[in-house]
Amino acid sequence: PMLLRAAAASAGSGSDRPTVLVVLQLSGCNDGLNTVAPVGDDHYGRNRQTLRLTPREVLKIDDHLGFHPAMTGIARLMAEGRLSVVQGVGYEANSRDHDIAMREWHTAQPGDTGCQTGWLGRAIDAVEAPARIETPGVFVGPIPKPLGMTAQRAVVPHVRSLESLELAGLAKKDVSVEAIPATDNPLLEHVRRGAVAARLGSRQVEQVVQASASGGPYPDFPLGGQLKMIAALIRAELGIRIFFTELGGGGIGGFDNHANQRDNHASLLEQLSAAVTAFMDDLQRAGLAQQVALMTFSEFGRTLAENGRRGTDHGAAAPVLLAGGRLRGGLLGEHPDLADLDGYSP
């Protein structure tokens, strides 16, 4: 609820075009304390002998906080008013178990082990209708489709490449599917409308695939390619309102840095920052940034103290990043008090 209120508070007035949500999962438990580092807090410096960032290293937000130095693009987005940081996002009784915590983020039903749908899947169900041809939500990425996109009624596609969306030869056939007359038979009419939508959609995707090859620059990381696909699909105006993508890999993801965290985490944050910045700049050039909001999340945060292996262990709350053209950029909420942490002992 706090995150939803913060997101609503950060949205300004804008156009009447359909809005789009892009959810970016950081798999494995991102270290929020080195993503948005509280360099002005002595507790941070004293507890991180090898991992702490100094005021000179970070990209300054204010006298207390700074972004990790690998996040130059993210820092620019905030300076331009296109990014907000929601501080200290979490929930009570987090078990700090990867599978359990990720399930609870995906279902938005902490403690309900029987829930079989995701919060995004339920949102898709809310706009799905028998007469609707468009797909309201899509998962883009190489890992298995996450529970968060599981709906009760709607079919949520899993897209690995734009080319996989093209229907071979459909857009090039001489027969005009659109010219097939309507029918009173409900089944035949459903098939007819599906054929029309498929042909029109295939044409749109084909055009966007061609345009994306010469579009704005994206970093040569998998996440860059995934966000480039999402930008192309937004341009195609296929009726997709919810996108889900991921950084870190399936299972226990790459953000789970129990050892030698410094370089591994820096590499992931560089990929995150470069890809999200390219995505937002691409949408800005296309005049679409006002209708799109992107949010990041991870299953939980990491401990303040190092663990003796130059890494950190499973913690509790962590920051959520929001990016979009209709945000009032800046910090939202209070940073956690590092002198009073849940279950923490120095």
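Student: Is F300 buried or exposed?

Tutor: F300 counts as buried, at 2% relative accessibility. Buried means under 20% relative accessible area, exposed over 50%, and partly exposed in between, with a 1.4 Å probe and protein chains only.

Student: Before we go on, where do these values come from?

Tutor: This is a predicted model: local features need pLDDT of at least 70, side-chain atom pairs count only at pLDDT 80 or more, and totals for chains, interfaces and linings use all residues. Residues are numbered from 1 along each chain as its sequence is written, and side-chain values use heavy atoms, with hydrogens and water left out.

Student: OK. Where is F300 found?

Tutor: F300 is in the loop between β9 (292-297) and β10 (318-324). Helices (H or I, at least four residues) and strands (E, at least two) are DSSP runs, numbered from the N terminus.

Student: And what does F300 touch?

Tutor: Setting aside residues up to four places away in sequence, F300 touches C29, N30, N94, R96, D97, H98, A101, H314, G315, A316 and A318. Contact means heavy atoms within 4.5 Å.

Student: Let's zoom out. How many helices and strands does the chain have?

Tutor: The protein chain has nine helices and eleven strands. Of its 346 residues, 48% count as buried.

Student: Which residues have the most contacts inside the largest nonpolar core?

Tutor: L227, F243, V276 and F279, in a core of 48 residues. A nonpolar core is a set of buried Ala, Val, Leu, Ile, Met, Phe, Trp, Tyr and Cys residues joined through side-chain atoms within 4.5 Å. Another core, of 21 residues, lies apart from it; V23, V86, V156 and F297 are among its members.

Student: What is F279 in contact with?

Tutor: Beyond its neighbours within four places in sequence, F279 contacts V22, Y218, L227, I230, A231, I234, V292 and L294.

Student: Switching to charges. How many salt bridges are there?

Tutor: The count is nine. A salt bridge is a side-chain nitrogen of Lys or Arg within 4 Å of a carboxyl oxygen of Asp or Glu.

Student: Which residue does R82 bridge at 2.9 Å?

Tutor: D281, with 2.9 Å between the closest N and O atoms. R82 lies in the loop between α4 (72-79) and β5 (83-89) and D281 in helix α9, so the pair ties together parts 199 residues apart in sequence. R82 is buried at 9% relative accessible area, and D281 is buried at 17%.

Student: What about R262? What does it pair with?

Tutor: R262 forms a salt bridge with E57, the closest N and O atoms being 3.3 Å apart. R262 is in helix α9 and E57 in the loop between α3 (42-47) and β3, 205 residues apart. R262 is partly exposed at 34%, and E57 is partly exposed at 31%.

Student: α9 again. How far apart are its end C-alpha atoms?

Tutor: 36 Å. The expected span is 1.5 Å times one less than the number of residues. For the 25 residues of α9 (261-285) that gives 36 Å, which agrees. Just after α9, G287 takes a positive phi of about 75°.

Student: Last topic, sheets. What order do β2, β3 and β4 take?

Tutor: The three strands form an open antiparallel sheet in the order β2-β4-β3. β2 (36-37) and β3 (59-60) are at the edges, each with a single partner strand, so one side of each has no neighbour in the sheet. Two strands pair if DSSP finds at least two bridges between them.

Student: And β6, which strands does it pair with?

Tutor: β6 runs parallel to β8 (residues 242-247) over three bridges, and parallel to β7 (residues 158-159) over two. In β6 (residues 137-140), G137 and F139 on one side and V138 and V140 on the other are all buried.
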